[in-house]
Every structure is written in structure tokens, then in C-alpha cells.
Amino acid sequence: MSDFAVDVSLDTAHCVITVVGEVDVEVASQLGTAGVKAVAAADAACAVIVVDLDGVRFLDSSGLAALVSIANAAADVGKSVQLRSVHERAAKILKITGLDTTFDVQLA
């Protein structure tokens, strides 16, 4: 059983999606759905959607796809996505796949 959790915090100045646990094929759709809904609900003042990955221990290709879906939704409404507190393993995967140029990546 996964200990995955996603929490969305939106106010007029901050839009933060906090992710905890392993982001794999079993839960990636939950992250994607929550992220796309957060982008849609974000106030116009929120130009950057922050995805806090400090609590993520594992990220596979389906997790990457969920992050890309969030980035695409954000781009569609003129927003960008910052990945905050990205640990070394996830940063390496982002670099290998070239997604480190899609996101503003802030290392842990």
C-alpha cells in the first residue's frame, strides 16, 4: 500500500502542490488530476505553480508524465511550473529526459 499524498494550497499569491511518497503508475493519475485542477483554480495573480517534491522518494515515467500534464495545463493559461526541493535522483531523471528545461527546477 502506497503512502502517497498530494495537497494543494491556493491563495491569491501562492499556488503550491505538495507531493509526498512514491509517484509511480499507481498514483500518478492522482497527481496529474490534482495538479491540472489546481492550475484551473489558481488565481490570476499566481503566475507560477510550485510543485514541492521534498517528500518524494521515488518518481517514475508515469510521475514525469503527470508533471508534464501539469506544465501543459499551466502553459495553456500563461503560467509556469517550478519544481521545488527536487532530490538528486529525481533531478537526474529530469536531466536525462530533457525535462529539466521544461521546468524551473530548484534542488533540495
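## Disulfide, salt bridges and core

Cysteine 15 and cysteine 46 are both buried (under 20% relative accessible area; exposed is over 50% and partly exposed is in between, with a 1.4 Å probe and protein chains only). This is a predicted model, where local features need pLDDT of at least 70 and side-chain atom pairs count only at pLDDT 80 or more, while totals for chains, interfaces and linings use all residues. Residues are numbered from 1 along each chain as its sequence is written, and side-chain values use heavy atoms, with hydrogens and water left out.

Back to those two cysteines: they form a disulfide, with their sulfur atoms 2.0 Å apart (the cut-off is a pair of cysteine sulfur atoms within 2.5 Å). Searching the whole structure turns up 1 disulfide. The torsion about the S-S bond of cysteine 15 and cysteine 46 is about 110°, so the disulfide is right-handed. Cysteine 15 sits in strand E2 (residues 15-23) and cysteine 46 in the loop between helix H1 (28-41) and strand E3 (48-59), so the pair ties together parts 31 residues apart in sequence. Helices (H or I, at least four residues) and strands (E, at least two) are DSSP runs, numbered from the N terminus.

Now the charged side chains. The structure has 2 salt bridges, each being a side-chain nitrogen of Lys or Arg within 4 Å of a carboxyl oxygen of Asp or Glu.

| Salt bridge | Closest N to O |
|---|---|
| Aspartate 3 – arginine 57 | 3.0 Å |

Arginine 57 lies in strand E3 and glutamate 22 in strand E2, so their pair ties together parts 35 residues apart in sequence. Together, Asp3, Glu22 and Arg57 are linked in a network of salt bridges. How accessible are they? Aspartate 3 is partly exposed at 44% relative accessible area, arginine 57 is partly exposed at 46%, and glutamate 22 is partly exposed at 33%.

What about the inside? The largest nonpolar core has 32 residues, and those with the most contacts inside it are Val19, Leu31, Val51, Leu67, Val81, Leu83 and Phe103. Such a core is a set of buried Ala, Val, Leu, Ile, Met, Phe, Trp, Tyr and Cys residues joined through side-chain atoms within 4.5 Å. At least two residues of this core come from each of E2, H1, E3, helix H2 (61-76), strand E4 (80-86) and helix H3 (88-97). H2 supplies the largest share, 7 residues.

Setting aside neighbours within four places in sequence, phenylalanine 103 is in contact with Leu67, Val68, Ala71, Val81, Leu83 and Leu94 (contact means heavy atoms within 4.5 Å).
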